[in-house]
Amino acid sequence: MTETTLQLDFDIDAARQEILDYCLRSMEYGLNFNTQGNISIRVPGVEDRFLITPTDLEYDKMSADDIVLVNGDSEVIDGRLGPSSEVTVHMAVYRRRPDVNAIVHSEPVFSNVWGVVGSPILGTLVNMVIYTKGDVPIMPFELSNNTEFGEHMCDAMGDLNAVVWANHGLLTVGPNLRDAFKTSVAVESAAKVQAYAGALTDTPIVLDYDTLGITESL
């Protein structure tokens, strides 16, 4: 690493380790498997720098040093491996959403169920609604390793903090990695409750973010 600003103002080693820790936690929680999913953060206080997981590497074989530093054009600035094949999708989010500092893409089963069905994940649980700011929309299927996909995804997500990619997975965002990851967990939990509730009723109780009057998780 040769960039003085990063050396002085940002502990890049600690940030890489934090990303790895959440990658491993995503496996522990059943959100990812094999080499699925990816995580990135916006480097705080440094313009046009982002850390992202590498491509095609299992999380349990990954080390913190494998996390790649890129710029907004998805070019590698520091790292011995290539970035995730969906790096351009992450960059589209960071361009469109200045409020977003972290992104988690995962492959949780129940979120994917609703992606296959093509129905949004409704606000059945209060924590999900608070984190996502509403029902989680389903983006129609497209191949995801290109910038155009990222732009279409941002259109589908709008100012919400989560979106399901039909036939593919879940993407959540947040002001920090902890919140982005908690949003993934909350969405998957609500997706599971909604699936089970469907066996009992066609009209589950659904919460509306704008009328809750709550802006922090419970």
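Predicted model: local features only at pLDDT ≥ 70, side-chain atom pairs only at ≥ 80, totals over all residues.
**Exercise 1**

Classify asparagine 32 as buried or exposed, then list what its side chain reaches.

*Solution*
- Locate the residue. Asparagine 32 sits in the loop that runs between helix H2 (12-28) and strand E1 (38-42).
- Apply the cut-off. Its relative accessible area is 7%. Buried means under 20%, so asparagine 32 is buried.
- Check the side chain. It makes a polar contact of 3.3 Å with the side chain of serine 26. It also reaches the backbone nitrogen of glutamate 107 at 3.1 Å.
- Leaving out residues up to four places away in sequence, asparagine 32 touches Ser26, Met27, Gly37, Tyr59, His105, Ser106 and Glu107.

**Exercise 2**

*Solution*
- List the neighbours. Beyond four places in sequence, valine 76 touches Val68, Leu69, Val70, Leu81 and Pro83.
- Take one distance. Asparagine 112 is 36 residues away in sequence, and the C-alpha to C-alpha separation is 31 Å.

**Exercise 3**

Describe the second largest pocket: what is its volume, and which residues are closest to its centre?

*Solution*
- Start with volume. The second largest pocket has about 180 Å³.
- Go to the centre. Of 15 lining residues, Thr35, Gly37, Asn38, Asp56 and Ser85 are the closest to it.
- Sort the lining. Three residues are nonpolar, nine polar and three charged.

How values were computed:
Residues numbered from 1 in each chain as written. Heavy atoms only, no water. Contact = heavy atoms within 4.5 Å. Helix = DSSP H or I, 4+ residues; strand = E, 2+ residues; numbered from the N terminus. Buried < 20%, exposed > 50% of the residue type's maximum accessible area, 1.4 Å probe, protein only. Polar contact = N/O pair within 3.5 Å; in protein donor to acceptor, adjacent residues only side chain to side chain. 1 Å grid on protein atoms, 1.4 Å probe; cavity = no way out; pocket = protein on both sides within 12 Å on 5 of 7 lines; lining within 4 Å. Points joined across faces, edges and corners; volume = space filled by probe spheres on them. Nonpolar A, V, L, I, M, F, W, Y, C, P; charged D, E, K, R; others polar.
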